[in-house]
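I opened this entry to record what I looked up in the structure. The notes follow in the order I made them.

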Amino acid sequence: MSPEEAAAVPTNNRVVPEFRRDGATWLFYLIWAALGFAVNGLGSVLLPLKEELGLTTVQTSLYSAFFAIGLVLTGLVGHRLVDAVGRDRLLLIVLGITGAGAVVMTFGTMVTTFLGAAGIGLGAALMIQVLPVEMVSLQPEHAARALSEANSLSSIAGMIAPFGVAWALAAGLGWGFGYTVPLAVAAGLSVIGLLIAGHRGTARAAVGQTESGPVPAVVESAWRPWIELVGSVAVEFCFVLWSATAVASWHHVDTSVATLIAGCFLVGMGVGRFAGAPLAGRFGVRNTTVGCLLLALVGSAAFWIAGNQWVSAGALLLSGLGVSLLYPLTLSRLLAADPCHADRATSRSALASGVAILSVPPLLAGLADIVGLHLAFLVAPVILLALIARNLWFLRAR
């Protein structure tokens, strides 16, 4: 999925040609941006959907569950689908499913929005299985740089999504004009681009074939970072999916304003992932992880006690900065724990994300219906405290 994977993809120890962004590379950048828009934009439409359709908090949480279920299925059978259908054909199918889901969701009824969200969720999840390997095959000598650039654009698109939805709501155009219409257009353009590009050649190097250096030593069991990846993704999606609802509920602001303020979390995420990548190389993965967890904890606590929407905006920005590197850092450890099987590690990461999104945000929603959203939102800082304790224990044990 990711700039995170870039750190774990080794490069050849030899002179390599200059990095060039050809048409196919730019096309995959567009597809990656559509993925970021689809995933992060979904959280922006939950509040207007809830109000428009009269849904309960738990019913609203089901929209994000489709993406989580898709991730779980991808983690279990994604590599088999690639073997059965072929990566190029599967990507066309996935984009078609995503675009069709966006169009159906635009109809705005309870049935069509659920069906549309299911299509978007499944398509986005399968993109996570396909896109990293596709990008490596396009840029085998510069995989790390290409993956980083692709995901930077994905983060930018993810930041645009809530602001586009907020603008569409404020203009009276409806959430569909800000989310599903642009997503359908992006998916359609991507399909057209892939069809025009045609067959890009069958002699592509697999991820493992780009490795010429010695195999890195395995330093820990893959299940240790996997568990932390579940926690990191859970915290991220608690904010992505429920911060707009929290702002509207706690500070009694208009839906468009709440959606705009919630976008501050994604701004923090984008800035953190763009500017914070060198930190791990300077301070080490574990030390950087602990620092990010502490920053995220301070931000989440400030968000919980914020007295007005403007303090909430600053707290969400701080939370996004802290959370931004948790997934990349933990995923790099997960991939390093199985260095010879990048595809298998990618599937494990999809499974971890699916388990996290399918469990913790719905748990928050269920608690919100029982004790209120304010108390329920303590789920995020509690997970952060557990992750801090786990990482500090590891540092002391070394």
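I took buried to mean under 20% relative accessible area, exposed over 50%, and partly exposed in between, with a 1.4 Å probe and protein chains only. I took helices (H or I, at least four residues) and strands (E, at least two) as DSSP runs, numbered from the N terminus.

The model is predicted, with pLDDT of at least 70 needed for local features and 80 or more for side-chain atom pairs, while totals for chains, interfaces and linings use all residues. Residues are numbered from 1 along each chain as its sequence is written, and side-chain values use heavy atoms, without hydrogens or water.

Helix α14. I looked up residues 326-336 and found the helix mostly covered, with ten of its eleven residues buried. Among the buried ones I noted Leu326, Tyr327, Pro328, Thr330 and Arg333.

Core. I used nonpolar core for a set of buried Ala, Val, Leu, Ile, Met, Phe, Trp, Tyr and Cys residues joined through side-chain atoms within 4.5 Å. The largest one has 110 residues, and Ile31, Phe67, Met105, Tyr179, Phe303 and Phe377 have the most contacts inside it. Contact means heavy atoms within 4.5 Å. Beyond its neighbours within four places in sequence, Ile31 touches Leu91, Leu95, Met127, Leu131, Ser190 and Leu194.

Thr112. I found Thr112 in helix α5, residues 110-138. Thr112 is buried because its relative accessibility is 14%. With neighbours within four places left aside, its contacts are Val104, Met105 and Phe107.

Cysteines. I counted zero disulfides, a disulfide being a pair of cysteine sulfur atoms within 2.5 Å. Cys238 is buried at 0% relative accessibility, and Cys292 is buried at 8%.
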